[in-house]
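Subject: Structure for you to look at

Hello,

I am passing on the structure that we spoke about, and below it you will find notes on what turned up in it. Please read them with the model open beside you.

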Amino acid sequence: MADSVTLESRAGTTAAASAIPFLEVRDLQKRFGGVQALKGVSFTIERGKTYHLMGENGCGKSTLIKIISGAQPADGGELVINGKSVDGLDPIGALAAGIETVYQDLSLLPNLSVEENVALTRQLVAANGSLARPLDRKALRQTAAKALSAVGLPTDPYFLSTPVEQLPIATRQLIAIARAIASDAGLVIMDEPTTALTRREVDNLIRVVRGMQQNGVSVLFVTHKLDECKAIGGTAIIMRDGQKITECDVAEQSKTQLGFWMTGRELDDKRYRSAPHSGERLLSVQSLGARSFDDVSFDVARGEVFGVTGLLDSGRNELALALAGISPARRGNVSLSGSVADLSSPAKAIDAGIGYVPEDRLSEGLFLEKSIRENVIMAVLDRLRGAFGLLDGRRARALAQKTIDDLQVATPDIDNPVTSLSGGNAQRVLIGRWLTIEPKLLILHGPTVGVDVGSKDTIFRIIQRLAGEGMSVIIISDDLPELLQNCDRIMVMRKGRIADTFDAAGLEEDALYRSMTAEDNSGER
Amino acid sequence: MTDITSDIAASRAHAESAFNRVTRWFVRHPPAVTAILIALVCVVVGSINPDFWQISNLFDMARSTVVRGLFALGVLVVLAAGGLDVSFTAIAAFVMYVITMLVTNCFPEMPILPILLVAAIGGAFLGAANGVLVSTLKAPSLIVTIGTQYVIRGFLLTFIGTALFMNIPMSMDAFGKLALFHHQSANGATSTMPVYVLVLVVAVIVTWLLLNRTLMGRAIYAVGGNAGIAERLGYSLRKVHIFVFAYAGLLAGIAGIMHVASNRLANPFDLAGSELEIIAAVVLGGARITGGSGSVLGTMLGVVLITLVNNVLILVGIPSTSQLAILGLFIVGAGALFSIKPRA
């Protein structure tokens, strides 16, 4: 289906100009205050090739992307696009030059329709940013339909005119990609495109990328997920501390080697749990049901790490929300330590001893502008009441400091805002908040989404330490290696029901994946 | 790749309850709710007091939608871009008073068209100042326009004048009386549909074309949906901000002249305090107060609804104090209704 996108003009020029690379980055430098974010980075993007820009958070890769897409100016060095040096690139200029970016947040306009999101940019670029132009509705619809069909989305008028905010995340992802290819892109940059996707959708994405390559479009992935890089293939550009460490064929290198280049230290991907866990039962879920899952029963023992996975529509997210009291279950019950727990609101779930670390920490979890201290103590304000019912500042500070030290959050001052932290550290602040309620059960929803390899390792160690201290942990995730590394048992959900429950010892990723994607006998819904 | 397509088709068809379908339709067509409310008010009022259906009454209402409608279109455009403007009444008062004064004292023979043109340009300039402030200070537009509203009004009353103009310029007076058509009712009374309602009709058409048929229109909704993302995609926030406030100012300037022409006097204290009513009309028409949505049709229905409540409840013997309460209930009800989201 991808072949239906025939970027004629591009195919024509590619043959003639194939000798000239699409983009050359030469000695790029950028400084923020006292920090040198980029210390002279150079690389070349050839036409129709795939690249992976890899590195830990803070290594300068986001800055690099912002400069290439015209969002920020560089302090030194130059960008050569199609053999011509460009100066003072702005977003419109970058788009006009054929550089399209699919941002991590997708950068879709929620209130605009699918067709407008996909195809408006093209008219805006053609008008060179001027807004005093008529809107060509017909061209809009045609451009959108062509690009959407190339990524396998419907092109009927109802879908085209649906506001993007009414669509599921996987569809939005494809819409963002459709926008990138709707305007004759030469280079599509994808900033962590797979964080919100499950494997089936990732496979779909990879197919779309292959189709783009055949049309001479280069693709630059920015990602943390080594497995996916290896599955996609191409050249890895590895950065650390604002410098390019090396370039290599990603398929030929081991994950350990890539991880070493990125972090400068050895990382292990050993499994923490080798023997099945046997402990006294803490949590017992009996025939729990709600709108999008039903008949879910399982037990979790004290000190056990229990994984839950499934595709996006499997009901795993809704199960997590039900256990956290955010959208309560309608049927069945949940007992903790033998007595039935009231989980009808988040406050009651907290009282029952359940801590929930949400998936999207930016929008659901953290108060970004508030200090680290305030974020940590947020859930236990009641318990920190001092004289006259006012907050006991000294105790609050002591608790926050202790939690932050415990979790090794790298910050000079707990009064700094959370925005000053990297993704991994912010995630630890959020986990820290839930540790302050001293939960019996900690539910981690996508604990390492958007977190780099080094921080991932630290978070895993924290999970194992907590479990070792007798806390039960439920990890809800679609990152299968992460589940295999951390869990005693893994439950797979499919279409709202439990599909399988596996002992993690000796389990292979493929078995999990097969269980997630197996077709049940009920056929099409 | 077809599996995604069929998935979406399947999930769309998948056992959607009739109730969900209806809510979904209403959420995609918010003005329908406004239309239903209007019909409801008309039927109730009309059945209690048949005088409601008299042509003269309908003409009265059409007349009183003109100034409100012009204001509301300006509010809509600013709101769609994610801003809020409360200075438009001050701009209208300023423009109408200054122009009436100038024309009366210096150019008493000036015809209506150049007067409207000068009012539009003057209003647009004052509005553009709002836009420049909002975009340069990166301050919330509500705060900025509260400020400019006081500055403009204070300036008008301190330096220009507080006296009423009872004798407005001839051309404005004539324009206010010029009839589009007359209607003779059974009891012999004549009612008049004035030509100046056409000003609103033109403004409606221009605003609709602007929002739906130009890149600027789409940019306005883009910025209202998410300014940060819109900027990253290459839309110029500055252009959009200055444009929407200038456009609201332009409409306010014209509305000021319409106000003088229809009332046959220019009072610098007029129009103050009706800002929230206009914003409520736009929100009743289905625009979200947080920006990025709203339509010309919905806005006009909102204006009609507000005008109805203001003008006709008196016909069924509801005292003006309770009219206010009823209007309030409508606004709260509409706010609650429009915040319902369909289940995905």
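In helix 4 of chain A, the buried residues are V114(A), E115(A), E116(A), N117(A), V118(A), A119(A), L120(A), T121(A), R122(A), L124(A) and V125(A), where buried means that 20 or more other C-beta atoms, placed from the backbone, lie within 10 Å of the residue's own. Please keep in mind that this is a predicted model, in which local features need pLDDT of at least 70 and side-chain atom pairs count only at pLDDT 80 or more, while totals for chains, interfaces and linings use all residues. Residues are numbered from 1 along each chain as its sequence is written, and chains are lettered from A and ligands numbered from 1 in the order in which they are written.

Helices here are DSSP runs of H or I with at least four residues, numbered from the N terminus. Helix 4 of chain A, residues 114-126, is mostly covered, with eleven of its 13 residues buried, and the helix bends by about 40° at L120(A), the bend being the angle between axes fitted to the seven residues ending there and the seven starting there. Its buried residues pack against helix 3, helix 5, helix 6 and helix 7 of chain A, together with helix 10 of chain B. Just after this helix, N128(A) takes a positive phi of about 55°.

Between the chains, 34 residues of chain A are in contact with 31 residues of chain B, contact meaning that the C-beta atoms of two residues, placed from the backbone, lie within 7 Å. Helix 4 of chain A gives the most to the side of chain A that touches chain B, with six residues.

Within chain B, the axes of helix 4 (residues 55-80) and helix 14 (residues 296-312) come within 9 Å and cross at roughly 135°, with axes fitted to C-alpha atoms over the stretch in contact and angles running from 0 to 180 degrees between N-to-C directions. That makes helix 4 of chain B oblique to helix 14 of chain B, since angles under 35 degrees count as roughly parallel, over 145 as roughly antiparallel, 65 to 115 as roughly perpendicular and the rest as oblique.

Back in chain A, the axes of helix 16 (residues 423-435) and helix 17 (residues 453-468) come within 9 Å and cross at roughly 20°, which makes helix 16 of chain A roughly parallel to helix 17 of chain A.

Best wishes

Definitions and conventions: Helices (H or I, at least four residues) and strands (E, at least two) are DSSP runs, numbered from the N terminus. A residue is buried if 20 or more other C-beta atoms lie within 10 Å of its own, exposed if 12 or fewer, and partly exposed in between; C-beta atoms are placed from the backbone.
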